[in-house]
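The structure is shown below.

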Amino acid sequence: MLKNMGQSVIIPSYDEAVFTAGELVNTAADFVLQSDSANLMLLQAKFSEAYLAFQDVSAYEFGPAKTVALRGNLNTYPSDTTKIENTIVSGIWDFDQLQFTDAKGLPAIDMLLFSQSTTETLRLFNSDSNAQNRKEYLKDLTEQIHRLLNDVAIGWSSNGDNYLEVFTSNKGTDVGSGTGMLVNALNKHFERFLRDGKIGIPVGVRSLGIALPEKCEGYSSGISLSLAIKNMRAIERMYNGNNLSNSPGIGLDDHLVGIGASDLDNSIQQQIAVSTAALESLSDPLSENIVNDQTQVEATYAELQKLIVLFKVDMPSRLGILITYQDNDGD
Amino acid sequence: MNKLTQYISKEVHIAPLVVFRLVFGFVMFFSVLRFAANGWIHQQYIEPSFHFTYLGFSWVKPFGETGMYLVFAFMALSFLCVALGLFYRLASISTFVLFTYVELLDKANYLNHYYFVSLVCFLLILVPAHRYFSFDVYRKPSLKRTHIPMWSIGVFKLQLGIVYFFAGVAKLNYEWLINANPLKIWLPAQSHIPVIGSLLSKTWVAYFASWFGAIYDLTVPFLLATKKYRPIAYVFVIAFHVSTAALFQIGVFPFVMIGATLIFFSEEFHIKVLDKLERLFRFKPIDVGVNNPFRHKWKKATTVFLVGFFALQALLPFRYMLYPGELFWNEEGYRFSWRVMLMEKAGYASFRIVDTENNRSWEAKNYDYLTPNQEKMMSTQPDMILEYAHFLESEAKQQGVKNPEVYVDSFVSLNGSPSTRFIDPLANLGAQNPSLKHKTWILPFE
């Protein structure tokens, strides 16, 4: 299972993310050279592609991705608009410093390219007094994204640090084992970054029931729901061991069937289908959907919640997965 | 009672107690160092913003970072002093106070073997384990005694016997014996282990291990107590604990038990061990000329106290009978009963806070307040769910919500069963008071 996950699912997903990030770097460079509406449209399209490709890798936050804190560096949202504008004016930034976490990554590009009308965006990049700084800022943003993704891809590659070998050779079910890391990463991502980050927090389940639509991922570009659905598909493939073109491979599902837990596998497959359908019943821009029909989005959240129970309780319990290195003497 | 007093006051050689002091002191000393080296002081006592307290002990609070590191530093030093027999009285009191203090800080970290360590530390305060082969005797030769009352050694044998026997009694249940759960789940998860790995996924191995474990726990203290079966019993002790150490993440406990059960061996054996150590370390035994007899004070009081101490321990595992429902599900009367590695339980609890005044509701993010281990423990244990619900209630009040109500959406899986609803979702946990009474808001196990 681990071999299939690493070779056919994880590594190709990083390769794809690196590729789209490379295109993002190139189109950003073109736009910086010639900031016209044609290049802006091209860049906006490549940005969406890169953001969508990132959804395929974001859940695998262990090993090389954990080393570079990929998810936090690339996708901390919402961005701090004031901080970004002030930094552009100052002309001084270093994206490797922690203080810029909420002023960089994909969300910062989302804000730079989409938060204003096309005319205003082009003015900011051309005739505004800080236009040059803004260009540099955008360029540096795309380059850091590409560099970090590339670092992770090299980390996994057999031509690089060959983390694949570490991942596949750590048998067993403790925290450091391949299966342990996979299941714990799946649960952490699904609970905090998909259910809460993409749906729960914007719809207000964490804020006294008051909706916060501006906290949507990809708020300015309005592709929040597409990102969430892509991420849900990635979780599904993470569970099923399916590759990017969704052809089947050995995954956690086969592992469960192998130990005689096909009932549980059926429940999980069914709830994945229900959750995906619930997400697909919503519409982009998600922020408007939340304002217009908060109840509908809350219902989607409730379906994701049901899936979390199966992922976090039933699956680790059947597989004997541990969540800490702490001593235990049974539950 | 008089007969019993006479029996337990009989004079025996001190050597087994001295070896016990050495083994326990050193193993615990290394255990504390290991705990610190793994970063667990920070992870368990500094990082969490919220701690699960024991009923009646909510006043026990952690110190800050420096304070907690000092506590563990003194604890390590005290265990070392106990082993060496240096400032023994002070050191033994210190190990008990510090270790028990740390254990009382957070219920989420409860382990039966920590409870065992606390009890042994307490017993060590009562006995004259430093009066031979110790730095205290070196400092003050008049302390030396070669013979002590039998109970000073007997209490440890009895304590160990209780641990094993009740661990065995706890295994006498349908799930363990007839369904081979949870070993049927846990053993196949270890099938990657070389040589024996392929065996571990076989069902019969889970049954064999379950039955063997139960029989071992129930009989081993009695076999260790007999001269004839002691050597073979000790071979089983080593085999049993080494295999559990290899299969499960249970820390130093197996080694504590392998070391501690040596106390069942004869005086002659322990005298030989000490002789060897003397020669090895060129530790010159001090000859005080006349051998002072041990002056045994408060004989009667000691007897009464020890009878009470062990009677309580023998009753605690049965207190669950005072509660209705399924013990493994409700966990009312579960702790302090030597229920070790007995079930695979996992849960998920999501808390909804309702602002009744403004008719709004929202959910608490557990990962903002709890560590993964705390969250796991809380999700399956009703008393912890309740304490956390009260904490969330007070958080809401602090945020200005006048009459918050707290509800929980919770699911639990027991021994691999499909997760089912655990707590009544309509019960406002904020209105339930923590007590030892049966918690009526736990849904029955199906």
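Two strands are taken to pair if DSSP finds at least two bridges between them. The model discussed here is predicted.

**The sheet of chain B**

Chain B contains an open sheet of 4 strands in the order β4-β3-β5-β6, with antiparallel pairing. The edge strands of chain B are β4 and β6 (420-421), each of which pairs on one side only. In general, the strands of a sheet pair through backbone hydrogen bonds, either parallel or antiparallel.

| Strand pair | Sense | Bridges |
|---|---|---|
| β3(B) and β4(B) | antiparallel | 4 bridges |
| β3(B) and β5(B) | antiparallel | 11 bridges |
| β5(B) and β6(B) | antiparallel | 2 bridges |

Strand β3 of chain B spans residues 345-355, and strand β4 of chain B spans residues 360-363. Strand β5 of chain B covers residues 404-414. I353(B) stands opposite V406(B) in β5(B), while V354(B) stands opposite S361(B) in β4(B). D355(B) has R360(B) in β4(B) as its bridge partner. For V412(B), the bridge partner is T420(B) in β6(B).

β3(B) and β4(B) form a hairpin with 4 residues between them. In the turn of this hairpin, N359(B) has a positive phi of about 55 degrees. Of the 11 residues of β3(B), 10 are buried, so β3(B) is largely enclosed by the rest of the structure.

The loop between α17 (327-330) and β3 of chain B holds R339(B). Is R339(B) buried or exposed? R339(B) counts as buried because its relative accessibility is 6%, and the cut-off for buried is under 20%. The C-alpha atoms of R339(B) and H296(B) are separated by 36 Å, the two residues being 43 residues apart along the chain.

**Helix packing in chain B**

Two packed helices are described by the angle between their axes and the distance between the axes. Helix α6 (residues 112-126) of chain B packs with helix α8 (residues 151-171) of chain B at an angle of about 170 degrees, and their axes are 10 Å apart. Angles over 145 degrees count as roughly antiparallel, so α6(B) is roughly antiparallel to α8(B). From α6(B), the contact includes F116(B), L119(B) and V120(B), and α8(B) contributes residues including W151(B), V155(B) and Q159(B). By class, the contact of α6(B) with α8(B) has 11 nonpolar residues, 1 polar residue and no charged residues.

Helix α8(B) also packs with helix α16 (residues 299-315) of chain B, at an angle of about 10 degrees and with the axes 11 Å apart. α8(B) and α16(B) are therefore roughly parallel to each other. In this contact, the residues of α8(B) include W151(B), V155(B) and Q159(B), and those of α16(B) include L306(B), F309(B) and F310(B). The contact of α8(B) with α16(B) divides into 9 nonpolar, 3 polar and no charged residues.

**Overall form of chain A**

Chain A has 15 helices and 0 strands. Its radius of gyration is 20 Å, close to the 20 Å that the globule rule gives for 331 residues, so chain A is as compact as a globular protein of that length. Along the principal axes, the C-alpha atoms of chain A fill a box of roughly 65 × 50 × 40 Å. Of the 331 residues of chain A, 59% count as buried. Among the contacts in chain A with a separation of 6 or more, 74% are accounted for by residues 24 or more positions apart.

Technical notes
Residues numbered from 1 in each chain as written. Chains lettered and ligands numbered in written order. Predicted model: local features only at pLDDT ≥ 70, side-chain atom pairs only at ≥ 80, totals over all residues. Heavy atoms only, no water. Axes fitted to C-alpha atoms, helices over the stretch in contact; angles between N-to-C directions. Parallel < 35°, antiparallel > 145°, perpendicular 65-115°, else oblique. Contact = heavy atoms within 4.5 Å. Nonpolar A, V, L, I, M, F, W, Y, C, P; charged D, E, K, R; others polar. Rg over C-alpha atoms; globule rule 2.2 N^0.38 Å. Buried < 20%, exposed > 50% of the residue type's maximum accessible area, 1.4 Å probe, protein only.
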